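Here's a quick briefing to read with the sequence and the fold side by side. Take a look at both, then work through the notes below.

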Amino acid sequence: MATRLFLEHGVDQVTVEQICEGADISRRSFFNYFESKAQLLSGPSASVVTPALLAEITELSAEKDLPFPAQVVELVGRAHIEVQKRRHASSIDPALSREIARRRAVLLRTSPELLYDRHRSLHEAKERLKKAIIANLTEHPANRSLRDLPLEQEAHLLVNMVTSTVWSAFALAHSSDSGIADAEAFTAATRALGTLHAGFDRLSFE
């Protein structure tokens, strides 16, 4: 309902009171779930990076079967999948859920204010993730893959790898019939990225 109002009237023209009236809830109920209109539209990306997830990443130890970067991607991917599951499981109308996701994407593309808020939230989430990775690599140096680079640069590259994987999974989901970034979408994205990255270690731009 809120996304429909935003598309019809513009984000700035729709008030929290109008949203509450349309949804038949109180202002208090609204602010129990959302800090602002922007957060209502921002989606789950930033909220996935929870203190529990960061603590789990910080404590990851080296594994022979799965390198540390892949472990981080798996944890973040599974966190996104769980958020998507909860969001769509609570919906009595899956088709409407997909339509709301489509409306969010349109609004984020057409509203500079919302786009800025989304980028700010994502930047903050990425910084929290980078700190957790740095803490892990400091405590578990065996997890490092790029020892020729300063530790902070390695962490920065790993965060961007995680981000690109998540974006790729959502891109595949949005181009599919389901429109949901589920386990199948994340598996397909990681397999595709693994294939596309083949040979990157032999590239030179000098």
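A residue is called buried here at under 20% relative accessible area, exposed at over 50%, and partly exposed in between, using a 1.4 Å probe and protein chains only. This is a predicted model, so bear in mind that local features need pLDDT of at least 70, side-chain atom pairs count only at pLDDT 80 or more, and totals for chains, interfaces and linings use all residues. Residues are numbered from 1 along each chain as its sequence is written, and side-chain values use heavy atoms, leaving out hydrogens and water.

**The overall picture**

- The protein chain has 10 helices and 0 strands, where helices (H or I, at least four residues) and strands (E, at least two) are DSSP runs numbered from the N terminus.
- Of the 206 residues in the protein chain, 37% are buried.
- The protein chain exposes about 12900 Å², and carbon and sulfur atoms supply 55% of that; accessible areas come from the Shrake-Rupley method with a 1.4 Å probe, and for residues only the protein chains shown count as cover.
- Take the contacts (heavy atoms within 4.5 Å) between residues at least 6 apart in sequence: 59% of them join residues at least 24 apart.

**Helices with a buried side**

- In helix 1 (residues 2-9), the buried residues include Ala2, Thr3, Leu5 and Phe6.
- These four span an arc of only 160° around the axis, which puts them on the same side of helix 1; the arc is that of the directions from the helix axis to the C-beta atoms.
- Helix 5 (residues 51-58) has Leu53, Leu54 and Ile57 buried.
- Their arc around the axis is only 100°, so they sit on the same side of helix 5.
- Pro51 and Ala52 are exposed on the other side of helix 5.

**Salt bridges**

- Side chains of opposite charge can pair when their charged atoms come close.
- With a salt bridge defined as a side-chain nitrogen of Lys or Arg within 4 Å of a carboxyl oxygen of Asp or Glu, the count comes to 6.
- One of them joins glutamate 17 and arginine 27, at 2.4 Å from N to O.
- Glutamate 17 is in helix 2 (residues 16-23) and arginine 27 in helix 3 (residues 27-33), so this pair ties together parts that are 10 residues apart in sequence.
- Glutamate 17 is partly exposed, with a relative accessible area of 41%, and arginine 27 is partly exposed at 41% relative accessibility.
- Lysine 130 makes a salt bridge with glutamate 127 (4.0 Å, N to O); both lie in helix 8, 3 residues apart, about one turn of the helix.
- Lysine 130 is buried, at 11% relative accessible area, whereas glutamate 127 is partly exposed at 29%.
- Lysine 130 also forms a salt bridge with glutamate 152, the closest N and O atoms being 3.6 Å apart.
- Since glutamate 152 lies in helix 9 and lysine 130 in helix 8, that pair ties together parts that are 22 residues apart in sequence.
- Glutamate 152 is partly exposed, with 49% relative accessibility.
- Through shared partners, the salt bridges join Glu127, Lys130 and Glu152 into one network.

**The aromatic pair**

- How many aromatic pairs does a search of the whole structure find? It finds 1, where rings of Phe, Tyr and Trp (its six-membered ring) pair if their centres lie within 6.5 Å, and planes under 30 degrees apart count as stacked, over 60 as edge-to-face and the rest as tilted.
- The ring centres of phenylalanine 170 and phenylalanine 186 are 6.3 Å apart with the planes at 80°, so the pair is edge-to-face.
- Phenylalanine 170 is in helix 9 and phenylalanine 186 in helix 10 (residues 183-196), 16 residues apart, so to speak of the pair is to speak of a link between distant parts of the chain.
- Both phenylalanine 170 and phenylalanine 186 are buried.

**Other spots to check**

- Glutamine 71, in helix 6 (residues 68-89), is buried at 4% relative accessibility.
- Leaving aside neighbours within four places in sequence, glutamine 71 is in contact with Leu60, Ser61, Glu63 and Leu66.
- Asparagine 160 lies in helix 9 (residues 151-174) and is partly exposed at 31% relative accessibility.
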